[in-house]
There are 4 protein chains.
Amino acid sequence: METLNVGMIGYGFMGRTHSNAYRQVCNFFDLKRQPVLKVACGRDAANVAAFAKQWGYESSTTDWREVIARDDIDLVDICVPNNLHKEIAVAAAEAGKMVLCEKPLATSVADGREMVSAVEKAGVPNLVSFNYRRVPAVTFAKMLIDEGKLGQIFHYRANFLQDWTIAPDVPQGGPATWRLDAAAAGSGVTGDLLAHCIDTALWQNGSITQVNAMTETFIKERVHAETGQTQPVGIDDACTFFCRFGNGSLGNFESTRYARGHKALYTFEINGEHASIRWDLHDLHRLEWFDHNDAERLRGWRSIHVTDHGGEQPYMDHWWVPGLQIGYAESFVHQVADFLGAVEEGRTYGPTFAEALETQKVCEAVLNSAASGQWVDVTSGAG
Amino acid sequence: METLNVGMIGYGFMGRTHSNAYRQVCNFFDLKRQPVLKVACGRDAANVAAFAKQWGYESSTTDWREVIARDDIDLVDICVPNNLHKEIAVAAAEAGKMVLCEKPLATSVADGREMVSAVEKAGVPNLVSFNYRRVPAVTFAKMLIDEGKLGQIFHYRANFLQDWTIAPDVPQGGPATWRLDAAAAGSGVTGDLLAHCIDTALWQNGSITQVNAMTETFIKERVHAETGQTQPVGIDDACTFFCRFGNGSLGNFESTRYARGHKALYTFEINGEHASIRWDLHDLHRLEWFDHNDAERLRGWRSIHVTDHGGEQPYMDHWWVPGLQIGYAESFVHQVADFLGAVEEGRTYGPTFAEALETQKVCEAVLNSAASGQWVDVTSGAG
Amino acid sequence: METLNVGMIGYGFMGRTHSNAYRQVCNFFDLKRQPVLKVACGRDAANVAAFAKQWGYESSTTDWREVIARDDIDLVDICVPNNLHKEIAVAAAEAGKMVLCEKPLATSVADGREMVSAVEKAGVPNLVSFNYRRVPAVTFAKMLIDEGKLGQIFHYRANFLQDWTIAPDVPQGGPATWRLDAAAAGSGVTGDLLAHCIDTALWQNGSITQVNAMTETFIKERVHAETGQTQPVGIDDACTFFCRFGNGSLGNFESTRYARGHKALYTFEINGEHASIRWDLHDLHRLEWFDHNDAERLRGWRSIHVTDHGGEQPYMDHWWVPGLQIGYAESFVHQVADFLGAVEEGRTYGPTFAEALETQKVCEAVLNSAASGQWVDVTSGAG
Amino acid sequence: METLNVGMIGYGFMGRTHSNAYRQVCNFFDLKRQPVLKVACGRDAANVAAFAKQWGYESSTTDWREVIARDDIDLVDICVPNNLHKEIAVAAAEAGKMVLCEKPLATSVADGREMVSAVEKAGVPNLVSFNYRRVPAVTFAKMLIDEGKLGQIFHYRANFLQDWTIAPDVPQGGPATWRLDAAAAGSGVTGDLLAHCIDTALWQNGSITQVNAMTETFIKERVHAETGQTQPVGIDDACTFFCRFGNGSLGNFESTRYARGHKALYTFEINGEHASIRWDLHDLHRLEWFDHNDAERLRGWRSIHVTDHGGEQPYMDHWWVPGLQIGYAESFVHQVADFLGAVEEGRTYGPTFAEALETQKVCEAVLNSAASGQWVDVTSGAG
C-alpha cells in the first residue's frame, strides 16, 4: 500500500487529535495511501520527542522549516497557535505540500487572504480543520437541509458555552493558556469558539451579510504564564451577535467562557418552514428532529441516535453496530478520510482555505461591530 | 341548570382531589347537571368541618350512614382507608346512590365481589377512581394501542417507585400513615401503587393470566402512630412480579417505597411490533413515542407534548392553549366529567367495580405468589 | 367570610385563566376575603353571557363603564386587547377600584405613564399579570438568586419561541387573532412574549441599561379577520436583542413565532460565578440547577422536580403531595393569592403598574433600536 | 520498547474492537510493553487475510492451533462464537499464553469450570471481556458504591433491550447470526446480553443467591443461514428474572430483542439508602446521580458528563479535554490498558475466568428457573 507521509507541526491538544486520526483512518476507511507519521515538530525538543514516541512518529525536530524542506513529506499539518499559521502554511504551500491547518485560518482577514493566495497559486490540496462538520449528526443535518426537508429557513441559532476561565487566577499566554493571550490567539471566544459555529452555519445555511455584535472581557488583567507579569487581557471573554443571512433568515450566536456548568456546549438549532433541527456537542451522537409533516397529534421532537448503518446516516457503517456511539475524536478521522479520499480522486474538499476565509471575514466583522456598536456588512466572495 | 348532589366520605388527600374535580368540572366540560358539594363526612368533627368550609360543602357530619340516608344525595364518593370501602359502598348502593370509590376497590377479592354484587343488584352507576387512566397522555396511549398502531405487543413494563418510607422512624397507622398499616391498607405497595399499574395495564393490554412475584419488607417493625407501640410491619415495602398476558405478551412490574430519588415515579413502557410507547408521572404531560414506520434514518423517540387541540389529543381542547401543560389534579376532573357524562347518556363507564375486581384478583394472585414462591394463575371473569 | 367582588372586563383566554384563579384560590390558600365573580363584561352580549354562565358570574354586560360605576365591585380585572388597557385602567383607578391588568401594561410608554399616575394618585392596589413569576420553579429561581447562591451574574439568556403564525393564511385582527394586528396589540412578539421575558429578567437580575435589537416580519401582508381585506402586517414576527444589565451582566433575548416545533417555549438560563439555573415553560415544574460548589467529580446539572413541601419550594405545600406536578393555570392562582394577601396586609405586591412600566420602557427601547439599527439607552426609574 | 505479541482468534465485530484497542492503547496509556498484532486467525482464509491487512496484523491463518503453537505469541485473544471458547482457551493456557476471552465465558458452567482449572493450573493471566465495566461512568459508579456513598443498597435493576430480531425473516446460524443459533451461542439474550448485566451487578453489588426467571421465544422457527432449512429456534428471545442478592437487596433484570426502538439499551439503576445511580449505554458518557444528602429543596437527579480530568473521574485524563466525550470502543482500550498494566505489575485483574464463572452460574440458574418455573439457588464460590 502506497504511503502518504505526514509532517506534524505542533504537538498540543490538536496535535494529538490529528495524530490519532492518521493512525486510525485506514482501519475504518478505504484509502489508497496509508498515512505515515514521519516527523513531529515543536518548540521544546524534549517534549516533542516524547510526543513523537507516544504517537509513533519516526522522528522529531524543533525546526518547522526543516520539515517543509524534506522531499519525502507529502502533507504538512499545522497545529500551532493561530498567529503562526500564516507563515508556516504559506511556506508549506510554496514547497508544494498538501496543507491541513487547524482553525481558525488566521488572526486576520489580511493574513487569511495571503494564505488563500499561496495555496491557490501552488495548486496544493488544502483544508482547515473545522472538525465539527464531520460529527455524523452534524453532517446528517447538512444533508437534510440540502434535501430541502426544512423548506425555507427562518432562524439559525448557535451557542458555544464554556466555564474554564471564570477564576481570576487562570493565567494568560504560554503553551497551556495561549488562547487567553491576544497576541497568540488574535481574539478570544470569537476566533476560538464562534469560528466553529460560523463555519457550520455558513456551510449549512449560506452566507451571512450583516452582523451586529457585543463583546465583554469580564476580567481585565491576568498574569502572563511565561513572564509572570500582570498584563491587560486583550481577548473577548464573551461575544454575542445577531445577523442576517443571504437567504433571509435571522441568526443569533453567542459564545462565552463564563457559563458555569458548560464545559464545551456547542449547540445549534435551525427552524425551517417544515422542520427544525437541534444538536449539541455534549451528546454529539444524537440529532433532535421535529417534523411538521408528522401527523399532528403525534408531532414531537425526535431524539435520533445517529448510529445506524447502511449509509443511511453518514459515516456510521464504518464503525461498530447500531446503538453503539462514537465520540469526539472520530470527527477528525472522518475529516482525514474525506480529505485524503478527495485528494485521491482529484476532488476539492472543504472547508478549503478559501472557504475558511469567509468565516474569518465574519469573525472580523463581528469584532468590528462590537468595537463600533454598529451593524457591519460582511464582504464575502472575492472582495 | 340541574344539580347533582355529592356526599363526600373522607377528607384526606383524595377527598381534596375529588372535591376540586367536582368544583372545576363544569367550567371546562359541558354537563347537564352541576355537581353541588352537599356534605362532607369524616371521623373528626372539627377537622371535617374545616374541610367542608375550605371546599365549600354546605355541611359536615361524622356519620356516614346519615349521608347515605339523605334523600337529596345523588352520589356518594368514598375516600376513606381501603378496609372501610366495602361497608360504605354496599350501603350506598343499597340506598340507590351512584358510587365513586377510591382505589383499590377493596382489601380482598372476597370483599370486592360483595361490592360488585351490591352495585349490580342495585343497578347504580359505579366507578373506581383509577385516575391515571385520565391523564391525557395515558388515554392517548390507549387510543393508539386500540387503533393497532403498535401491532402485536411483546412487552409491557411498569414501575411505581417512591422513597418516603426509608427512614425507620416513619410510623405506621393513623390518619397520615395508614398506608403502612396492613389492617387499614390490606397490603403495601401492591394495593396502593401496583394496583394503579395493573389497572392501566389491563385496560391497555388485556387480561393477565399468570403471575410470579417477590415481595420484601425492609423494616420489620415500626411504631404505631396512634398507640405509640412498636408493632410488626405487615405490609410489603417492595413488590416485583413478572407475568403473562392473554395476548401472549410478557409483563414486568415493580413497585417500592425504597427507591431513593423518586417521589411518585409511575412509568410504563409498551413494546409492539410497529411502535413503542413510554410515559412517566413525573412529566405526565408528555408521551414518548417510537414509530418503526418512520424513515429508517430519521427514527427516534419522539417526545410528544400532549397539549394540542382540535380533539386530536384527548381532553386538551377543554383547557388552555397548545404548549401550556396541565397537572395531576386535572386527571380527576376528566374522570368526573367522563363518569357524569356517561351517566347522563345512560352509558357504562369504567373502571366499574366489576373491572376493578379484575385488578384486585391480580393483586391477590401477586401476594399469593410472593408467599408461595410459585407461579399463580389469575382467575379472571366470572370466576 | 367576607367577600371581594370581581368585575371582569374581557372573556378570552386570559378571562378564563383569571376566572379560574378566583374560583380556586380559597380552596388552596387562606385569605380573609372570598373572591366572588360578580359580573363579566365583553363586546358580544351572547358570548359574554355564555362565558358568565360557564364560570359562574352572577351577571354579564357589554358596557365596561357600567362595571366600574357599580359600588359593589371591589376589583376590576382587565383582560382585553392591549390598546384598551389604558382607558379602562385609568377609569377603574379613578373609581377607586383595585386593578389587575393583563400584560403588557400598555402599547406605549406614554400610555403606561398615564396608567401609573392614575393608580398612584388614586392609591389603589394594582398589579400587572406577569403570571410566570408565580410558577414555583421561577419563584424558586428568584429566591436562589436573592440568597446570593449564584454570586456575580455574568449572563442572562431568555427565549420565547412559538410556531403558530408560519402559515400565510393565518389572518390578523378580530377576537382570535388581534395579537397579529398592530393597531390592537401595539407590537408583535416584543409586547406579547418578550414582555414576559423582560419582566422576569428585571425581577431576577435588575435593570437593563442599553439594548440593541433586530426585528423581522416574515409575512408582509395578511387578510384582516373582520374586514376580509389584505393589509400590511405591522407587527414584528421575530425580535432578537442583546443588552447590558446594571449589574454588569450581558443579556441575550429572542422571540419568534416562526420556530417550528415550539408551541410556547419560554426558557431562561442564568450563569453566575457559583451556579447556573435553567427553566423552560414546556416542563414548568422542573428547575435545572448546576452548583459549582458540588464536589468536582460529582458536578452535573440537577433536574429538580419542584413539588416539595414544608415551605422549602414556594407554593407547593398548598397543593398535592411531593412528586405530583401542577400546571400552567396554577400560576394565576398564586398571583391572586399573593396579591389579595398583600392587599389584606396593606403591603405592596408586584409587578405594580410602576414596575410594569419599566418593562414597557425596555420593550420600547427594543423596538426603537430595531428601527434605528443603533444601541438605545433605557431610561429607567422616574425618567 | 518491549513488545507483547498478540494472536487474535476470530475476526468479527469483537475481533475489530479488540484489535482497535491493542492499536490505540499505547497512545493513551503508559505500558512497558507495546502490543504487536502478530497474527489473525479465522475460518475463511480470504476473509481473515483481508481483516489482517485492514488492521495491520503481520500475518493470518485458518488454524488456531498453529497460533497457540507459536513461541513468539504472548497473548491469545479469543473472539469466536461461545461454543468454541473452551477448547481454544484451555489449549492456550496449557501452552502458557495469557488469555483474553470474549464473554460469556462458556456455554455451560461445566465448560467454564474446565476453563478456570486450565488457567489456574497454568498460572497464566486471564481475563474475560466484560468491557462495560470499563466505561468510565460505570467504573465511576463502582467507585461510589465502594466508598459507601449509597449506604445500604435496596434495589438493583438492569435491562438490556434490543429490537433487531423482530422480523421473522432474520435467519439463524452462520457468521452473521450465530447468536440466534442455540448450538453456537448456548442461549439467547441470557448469555449474550444478561451476562453483561449480571457481571456488572456482581461486581458492583456482590453475589446473587437466588433467582426466579421467565423466558420466551416469540418466533418458534427460523431458516438456518447456512443450510437454508427451517429449524426450531432454541434460544430465548426474552428473559426476565428477579433475584435476591447476598447483601439483602432485590434485583430485577430483563433482556429482550423485541423492544422496538432500542438498539442496545443496556441500563442499570441502583437505589441505596443515601443515593441512587442510573446509567444507560445509549448515552454512555453520562452518569445520573441522586444524592439525598443535598439540601432538600435542591435535590434532583444530576446528569454528570463524565469527561473530567485530574483523576477525579476514571480514565478520562488519558483522553481529550473536559466536555468532549468518548464512545463505546474506548471501553476496550481501558480493558487492555488495565489488564496489561496489571500483568506488568503482577497483579490479578478481573473479571478473571474464575469471576466470570460466577456470572455463568447465575445465567445457568436463570435458565433452569425459567425451565422449571421455580426459584433456583445460585451455588457460588468453590461449589
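This is a short chat about a predicted model.

Me: What should I know about numbering and confidence first?
Reply: Residues count from 1 along each chain as written, and chains are lettered from A, with ligands numbered from 1, in written order. In this predicted model, local features need pLDDT of at least 70 and side-chain atom pairs need 80 or more, while totals for chains, interfaces and linings use all residues.

Me: How many residues are in the largest nonpolar core?
Reply: It has 503. Such a core is a set of buried Ala, Val, Leu, Ile, Met, Phe, Trp, Tyr and Cys residues joined through C-beta atoms within 7 Å. Buried means 20 or more other C-beta atoms within 10 Å, with C-beta atoms placed from the backbone.

Me: Which residues have the most contacts inside it?
Reply: Val99(A), Val99(B), Val99(C) and Val99(D).

Me: And what does Val99(C) touch?
Reply: Its partners include Val76(C), Ile78(C) and Asn126(C), leaving out residues up to four places away in sequence. Contact means C-beta atoms, placed from the backbone, within 7 Å.

Me: New topic. How many residues of chain C are in contact with chain B?
Reply: 22 residues of chain C meet 22 of chain B.

Me: Where is Tyr315(A)?
Reply: In the loop between β16 (301–305) and α10 (330–345) of chain A. Helices (H or I, at least four residues) and strands (E, at least two) are DSSP runs, numbered from the N terminus. Tyr315(A) has a positive phi of about 75°, though not a glycine.

Me: Buried or exposed?
Reply: Tyr315(A) is buried, with 23 other C-beta atoms within 10 Å.

Me: Which peptide bond is cis in chain C?
Reply: The one joining Lys103(C) and Pro104(C), with omega about -10°.

Notes
Buried ≥ 20, exposed ≤ 12 C-beta atoms within 10 Å, placed from the backbone. Contact = placed C-beta atoms within 7 Å.
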